[in-house]
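Subject: Structure handover

Hello,

Here is the structure I promised to pass on. Please open it first, then read my notes below.

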Amino acid sequence: MKFRAAWQILFLSIFVGYMFLWAMLPTKTYKTVWTPKFTKHLKSTYFLEQSTNLLLFSFPLMLVAALGCVYLHLQKKSDSESSKSHFDFLRRPAVVMAPLGIVSVLELAFAAMFVALLIWSLANYLYVSFEHLHMHKPGETERQAKFRSVSLRLGYIGNTCMAFLFFPVTRGSSILPLIGLKSESSIKYHIWLGHISTVLFAIHSIGFVIYWWAMTDQMILMLEWSSTYLSNLAGVIAFVISLLMWGTSFDRVRRKMFELFFYTHHLYILYVFFYMFHVGVGYLCLILPGIFLFIIDRYLRFLQSRHSTRLVSTRLLPNSTMELTFAKNPGLVYNPTSTLFVHIPSVCRLQWHPFTVSSSSNLDTDKLSVVIKSQGSWTQKLHKQLSTSLDHLQVSTEGPYEPASFHFLSRESLVMISGGSGITPFISIIREIIFRSTQSNKKVPKVLLVSAFKNTTDLTMLDLLLPLSGIPTDISKLQIQIEAYVTQEHEKPLKDSKNQIQTKLFKPNPSDSPISAVLGENSWLWLGAIISSSFIMFLLLLGFVTRYQIYPVEHRKKNYHYSYKILWDMFLVCASIFVATSAVFLWQKRQISADQKQIKNVDFHTPTKMSPSSWLSPSDRELESLPCQSLVQSTNVHYGARPDLKRILAECKGSDVGVLVSGPKSMRHEVAKMCSAGSAKNLYFESISFNW
């Protein structure tokens with residue numbers, strides 16, 4: 001794409017300027033020199049005390065989000081390949097340890113800078129505060145005043161974390177792709193920020209309880225809901241809610257009681273509501289961009305999930321794995337390792353679960369598939385339903401959400417290491433490589449797939465490497481070697497008639513629709529239109545309300561209830577997003593509906609016979625296609641052994657080897673440590689996992 005560097009310099013300049021403002025915010029210079037000047041030149045009757053923070057802290061990121069949509073649209077239209085970067089060394093694992101997981105050099109650098117920002121901010125807040133201590137009660141000692149000041153400033157630092165908390169969980173964000181992230185890989189940043197902010201807010205809250213109770217005997221203030229300033233009671237409510245969310249988000253609780261975590265975490269709506277009453281309109285502007293973009297994304301997801309998706313077929317594997325295949329709009333294009341969120345009301349009315357897309361949008365132009373392993377209660381209920389004589393299943397979907405790039409396809413060779421169902425994301429990569437191998441102008445990497453399975457029945461996962469239909473007949477350019485390890489069986493079992501893959505068709509329903517981009521083919525442009533128009537609408541409405549509703553009251557030296565100001569802000573944000581997003585969605589819905597009518601008339605031919613796995617008994621059946629023969633002949637199955645990963649990686653002699661790992665945490669950490677070694681400079685590591 002032309003002018004890519006200019007775009008990137010623009011985004012970098014805005015971001016650096018934005019972070020510089022955060023660094024200056026707690027300083028004496030900002031308070032005594034900059035603030036009076038900003039107030040003099042920026043404060044108006046249309047925005048009052050929000051003027052400065054709206055311009056300095058809300059506008060820059062909203063501008064980046066809107067322009068980022070234009071940039072991503074142009075990048076997508078240019079159809080440019082994701083290429084190797086000169087900064088690949090920054091992706092190398094730097095720290096591999098619990099509870100942080102696998103942290104790259106770049107992530108470690110940014111984390112260190114963010115922690116430095118928090119320490120810098122706290123030090124400057126305390127320096128400015130201690131210089132001019134304010135006594136809040138007659139007879140208050142200097143020690144008590146300093147204790148109160150420290151407790152208050154820790155809350156300010158927690159607000160800094162809150163400003164960035166919602167960006168990682170905004171699935172359709174334009175900001176995440178700009179910095180090379182996708183939603184599931186950025187969840188760990190949300191977790192880190194959540195832990196830090198909750199600890200800071202806990203110390204802030206406990207500090208004030210000690211100050212009011214043990215030091216100044218003012219516990220009644222904890223229940224105060226002031227009409228002229230912040231609400232202490234709202235802060236107490238927000239703190240209690242945050243503890244409930246925090247306590248159920250720890251790894252052990254989340255894995256053993258996922259439903260408890262899932263439903264408790266939805267208390268974030270109440271948490272944000274009361275949090276805003278506690279921090280006030282000034283700090284609301286500091287955290288506004290993250291919340292604003294999250295609400296847009298959440299509303300778009302709601303609109304997309306209102307429609308039932310057409311489920312075409314399913315493949316049931318003997319190891320309780322399911323491949324669900326949906327109808328897809330041919331205009332919907334996505335990258336390998338994309339993610340689809342699935343909701344099945346007959347299994348659970350409220351839960352949505354993410355699954356890696358196993359299909360390739362180039363190889364499977366009218367279908368999209370996900371692979372689901374039956375492990376938890378939700379997946380077990382789904383497998384039980386699909387095992388019956390069901391002829392239709394109501395399903396809703398969100399997404400797919402694609403990674404920002406797939407630079408690993410530009411490597412000279414790829415080593416993909418998986419454990420169990422961790423092979424799922426590699427299915428879409430291999431299918432994409434199969435497609436590219438048929439293109440004369442495409443260069444494909446040499447592939448080594450190392451997969452570890454517990455039992456022989458798990459080998460049927462390899463059957464999913466090829467789609468049911470649309471397989472190219474000539475894949476001679478494909479260079480692939482598959483090393484499969486069956487760890488808990490020491491020899492190949494006798495032929496078992498139960499090792500069958502059951503394929504089942506579902507009857508179409510007139511109310512079901514193919515999966516389509518929620519905003520059509522030019523979704524990035526339309527998202528940019530929503531972001532810019534809704535934010536402008538919010539500013540216009542806020543200016544109107546402030547000038548003609550709030551300002552006249554305060555101009556007469558009367559009190560306009562402080563909580564009402566916050567209610568106005570929250571209402572206008574939601575109203576602006578609702579109007580702008582609904583208008584664009586309804587406008588695009590007409591074109592999408594016309595395309596879907598054509599797709600509904602297309603028949604999907606899927607084989608319905610029971611077929612044994614080619615990898616289990618290749619000599620006992622006539623292989624149906626040359627691609628299938630090629631893959632089976634390229635496969636070695638090892639019984640009673642585990643892959644010697646250290647030896648395998650040491651034998652990778654190329655200068656540009658991509659190492660992708662998906663599977664258990666121990667496997668990912670082991671490979672990450674190998675790739676971070678000084679002798680493995682030719683290995684470029686990347687982890688794919690939902691295990692946060």
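Of the contacts in the protein with a separation of 6 or more, 80% are between residues 24 or more positions apart. Contact here means heavy atoms within 4.5 Å.

This is a predicted model: local features need pLDDT of at least 70, side-chain atom pairs count only at pLDDT 80 or more, and totals for chains, interfaces and linings use all residues. Residues are numbered from 1 along each chain as its sequence is written, and side-chain values use heavy atoms, with hydrogens and water left out.

The protein has 18 helices and 18 strands. These are DSSP runs numbered from the N terminus: helices are H or I with at least four residues, strands are E with at least two. Of the 692 residues, 53% are buried. Buried means under 20% relative accessible area, exposed over 50%, and partly exposed in between (1.4 Å probe, protein chains only).

Helices H4 and H5

H4 covers residues 105-131 and H5 covers residues 142-165. Their axes come within 10 Å and cross at roughly 145°. Axes are lines fitted to C-alpha atoms, for helices over the stretch in contact, and angles run from 0 to 180 degrees between N-to-C directions. On the H4 side, the contact residues include Phe114, Leu118 and Tyr125. On the H5 side, they include Val150, Arg153 and Phe164. By class, this contact has 13 nonpolar, 4 polar and 2 charged residues. Ala, Val, Leu, Ile, Met, Phe, Trp, Tyr, Cys and Pro count as nonpolar, Asp, Glu, Lys and Arg as charged, and the others, Gly among them, as polar.

Strands E1 and E2

E1 (residues 93-97) and E2 (residues 101-104) run antiparallel, joined by 4 bridges. Two strands pair if DSSP finds at least two bridges between them. A hairpin of 3 residues links E1 to E2. Valine 95 sits opposite valine 103 in E2.

Cysteines

How many disulfides are there? The count is 0, where a disulfide is a pair of cysteine sulfur atoms within 2.5 Å. Cysteine 652 is in no disulfide, and its nearest cysteine sulfur, that of cysteine 675, is 8.8 Å away. Cysteine 652 is buried, at 13% relative accessible area. Cysteine 348 is also buried, at 16%.

Serine 360

Serine 360 lies in the loop between strand E7 (353-356) and strand E8 (367-373). Serine 360 is buried, with a relative accessible area of 2%. Leaving aside neighbours within four places in sequence, serine 360 is in contact with Tyr334, Ser428, Arg431 and Glu432.

Best wishes
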